[in-house]
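Subject: Structure for you to look over

Dear colleague,

Here is the structure I said I would pass on. My notes on it follow below the entry.

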Amino acid sequence: VGARVAGATLAAYLGKAGLKTLLVERVRLPAYIPRQGSWELPTEARWASVGVMPLIDATGTPTRRGYYSATEDAILTYRFPVGDTAGYSRMVRRLTLDKILATYAASLPTVELRMGVSAQACLWDRDRVVGVRLIENGREYEERARLVVGADGRHSWLARQVQPEEYDRIRSPKANFIADYADTNVEPDMSVRVWDSVGSMGMVMMEDTLVTIGMGVWLTELEEFRAGLPDSFERRLRRHPLYRQQLGDGVRVSPIGGAVDLSMYKRKPYGPGWALVGDAGYHLDPLAARGTHSAVASAELLARAISESLGGERPEAEAYADYHTERDQLLAHEWDVTLAAITRPAPSARDVQEAHLFAAHPELVEQHVEVMRGLRDADAFRQSVDEALTPRPPLPVRGRGGEGR
């Protein structure tokens, strides 16, 4: 249930394994969604393993190998060598990406895709889910299956039916807003980041040279911000010199999408006859753009559990329990990065001082790049920066008698 990033990727894995899979999606793709798919090399390797990467490559979306980073008025340039994993990332509009993934999954012999189909109710045999009642063009019918998977996002229909255990819920202190722009000055291989007293923003080029811009808005400011849209978005966007320079005469070509009332959470992702994948089972705030990676990684893990359990290699309970444990372990870093992003306060005086130190000493930026590439010891680098920012006591002044004064 759900044929977007998590569901279509899972279906592709299952199709490659020769498992008969029905993929249902309540809308007809392509369909606009105010989010983008952002990923790095681990996600690309997973998509390559199921064979979909040539279709994604054909979009022409650029590869990022660096970024401009502004902390208040200090602007730094980070560039990574070609092929280096630390600086590699790509992004495609979900309008484009969702269609590619679902269509590719449906091209596999054992996968069927039905769009414009809504799930209405689970079919039960005592405490076990054994299928779904669907509605298509006003007609209701049933489909039975050995497993029903909810890949239907943070408002998961299946999760509401099966009521899984939920834990580690954290309400986001920010809302997220996003829009696409054309005819900007953004370089294809460079993203743009701004962190100042107002908040954080990001700017990245996608396919068709469109640039997506995302910003977090504190809930304390949300009512005023929403009342002033679209002007409030434009004013906040162009407040910083780096963004004004990068935007140039760029024009907005999409609606301003907003996501409010956001929470991060984890759910037990399996039970008798059912499983959850992607945002349905593990939701990250979109501000840090880690959702695509998390969805694809969890789809790979679930596909393995399904193949092993249905193939008789492992008991069902054991395979899915391992999926649960491995998912939480694998995504722990993404959770921590996202939590830090949504709770990040305005830059402190020390943060600004450090940014100015880097701006005055470009060799420190190069050393920082080496730290991120794993070529320089992070603790030693941090210590050297701390020492450079620590005020030194004044030298003693000696009088004619030789006494220090």
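A crossing of two helices is called left-handed if the near helix is turned anticlockwise from the far one by less than a right angle, and right-handed if it is turned clockwise. Please keep in mind throughout that this is a predicted model.

Helix packing

By that definition, helices H1 and H4 cross in the left-handed sense. H4 covers residues 94–106, and it packs against H1 at an angle of about 25°, the two axes being 8 Å apart. Angles under 35 degrees count as roughly parallel, and H1 and H4 are therefore roughly parallel to each other.

The second largest pocket

By type, the lining has 18 nonpolar, 5 polar and 6 charged residues.

Strands and sheets

Asp 125 has Arg 128 in E8 as its bridge partner. The hairpin that E7 and E8 form has 2 residues between the strands, and Arg 126 adopts a positive phi near 60° there.

E19 and strand E20 (residues 274–276) run antiparallel and are joined by 2 bridges. Within this pair, Tyr 270 is opposite Ala 275 in E20.

Another open sheet of 3 strands has the order E11-E18-E21, and its pairing is antiparallel. Here strand E11 (166–171) and strand E21 (282–283) stand at the edges, and each has a single partner strand, so one side of each lacks a neighbour in the sheet. Between strand E18 (residues 263–267) and E21 there are 2 bridges, and the two strands run antiparallel. Tyr 265 has His 283 in E21 as its bridge partner.

Backbone points to check

Where are the cis peptide bonds that I noted? One joins Leu 29 and Pro 30, with omega at about 5°. Pro 30 sits in the loop that connects E1 to strand E2 (36–39). Another runs from Leu 229 to Pro 230, where omega is near 0°. The loop holding Pro 230 lies between helix H6 (219–227) and helix H7 (231–237).

Asp 183 is not a glycine, yet it has a positive phi of about 60°. This residue lies in the loop between strand E12 (174–182) and strand E13 (191–195).

Regards

Note on methods
Residues numbered from 1 in each chain as written. Predicted model: local features only at pLDDT ≥ 70, side-chain atom pairs only at ≥ 80, totals over all residues. Heavy atoms only, no water. Pairing = 2+ DSSP bridges. Helix = DSSP H or I, 4+ residues; strand = E, 2+ residues; numbered from the N terminus. Nonpolar A, V, L, I, M, F, W, Y, C, P; charged D, E, K, R; others polar. Axes fitted to C-alpha atoms, helices over the stretch in contact; angles between N-to-C directions. Parallel < 35°, antiparallel > 145°, perpendicular 65-115°, else oblique.
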